[in-house]
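Please read the following briefing with the model open beside it.

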Amino acid sequence: MKHISILVPEGNSSLSNLEATHKMFNMANDFLVKMGKAPVFKTQLVATHKDARLSNGIFTIIPDATIAEVKQTDLVIIPAIHGNYEKVVEANKDFIPWIVQQYKNGAEIASLCIGAFLLASTGLLDGRNCATHWIAADDFRAMFPKVNLVDDKIITDEHGLYTSGGAYSSLNLNLYLVEKFAGREMAVLSSKVFEIDISRNSQSPFIIFKGQKSHDDDEILKVQEFIEANFQEKLNVDDLCADMALSRRTFERRFKKATSNTVVEYMQRVKVEAAKKELESGRKNVNEVMYDVGYNDPKAFRDVFRKITDMTPLDYMNRYRKMAQTET
């Protein structure tokens, strides 16, 4: 039987993460028992002390055990914790040595959404891939430069360390873990009961690109603003270099350091974000939107759009135009 420790952190922890994770593993046990099989999971809510916790000041969460009482576990799950990320980590620093020790003892560790900040604080993710909510990507990179953030992914799995993308994509990681420990049949059944798309592997369609501007390079910031104001035009990297009186190599290096994108990638992301907004409105067809954002080649536009969103422009328009019409 796999012992699962779901952490109950200090602060505004995600009740939906805690409740859904607890329920999914326990319902898997119920399904197994009904099928005449032995349950696979023993699930506990684990905190640093026994006092009841408040989530959002509304819900009381009573832990089953403390970290001092859990000497050995098989899987530690860290839910999202909202608020200032540095303060969140500081408030929950007592978990860090325990998580590290459990990993050394053979346990696997999973973070849900922005729970990745606490996992990264252990140092276990240094040099490894990590997913988190795309909206927290810039803050994560600033706090943990040694971690390879893949902010388009729903799930990462590396050396017994699992991370998931934003919000309810944590359910996809839970399914992934159910499949690993209880088998594909149980994962498929769970996906049907919870109505989760088991094949979803990217959060790219949901990312809103706002430009990475939390840096101190004022010259690069001016270039970013120029690109965003002139994305409809055919921009040339060499012209941008000349405007800054820099060699292309120096300019590219400074731009990548400041924004985590190459200049060309940044241009593409700005154009695609503008295209997404037009496609969502549904007032123009794909070709009209393509011309509006400065592309003339349908294949080039489709390839770039798909690389960034993991969807074709037409698929994106059909999905999100319908959603916008439904909302209105």
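Strand β9 (residues 108–111) and β13 run parallel and are joined by three bridges; strands here are DSSP runs of E with at least two residues, helices are runs of H or I with at least four residues, and both are numbered from the N terminus. Two strands count as paired if DSSP finds at least two bridges between them. This is a predicted model, in which local features need pLDDT of at least 70 and side-chain atom pairs count only at pLDDT 80 or more, while totals for chains, interfaces and linings use all residues. Residues are numbered from 1 along each chain as its sequence is written, and side-chain values use heavy atoms, with hydrogens and water left out.

**Strand β13 and its partners**
- Within the pairing to β13, Ala 110 has Tyr 162 as its bridge partner, and Ser 111 has Thr 163.
- Strand β12 (residues 155–158) pairs with β13 in the antiparallel sense over four bridges, and the partner of Ile 155 in β13 is Ser 164.
- A hairpin is formed by β12 and β13 with two residues between them, and His 159 in the turn has a positive phi of about 55 degrees.
- Strand β13 (residues 161–164) is covered on both faces, since Leu 161 and Thr 163 on one side and Tyr 162 and Ser 164 on the other are all buried (buried means under 20% relative accessible area, exposed over 50%, and partly exposed in between, with a 1.4 Å probe and protein chains only).

**The sheet and the helices on it**
- Seven strands make up an open sheet of mixed pairing, in the order β6-β3-β1-β7-β9-β13-β12.
- Because β6 (65–66) and β12 stand at the edges with a single partner strand each, one side of each is left without a neighbour in the sheet.
- Helix α3 (residues 95–104) lies across β1 (2–7), β3 (41–47), β7 (75–78), β9 and β13, and runs at about 160 degrees to β1 (axes are lines fitted to C-alpha atoms, for helices over the stretch in contact, and angles run from 0 to 180 degrees between N-to-C directions).
- Helix α6 (residues 170–182) packs on the sheet and touches β1, β3, β7, β9, β12 and β13, with its direction at about 145 degrees to that of β13 (contact means heavy atoms within 4.5 Å).

**Two single residues**
- Ala 182 lies in helix α6 and counts as partly exposed at 21% relative accessibility.
- Ala 182 touches Val 40 and Phe 41, leaving aside residues up to four places away in sequence; Ala 182 and Phe 41 are 141 residues apart in sequence and 8.8 Å apart in space, C-alpha to C-alpha.
- Ser 14, in the loop between β2 (12–13) and α1 (15–34), is buried, with a relative accessible area of 9%.
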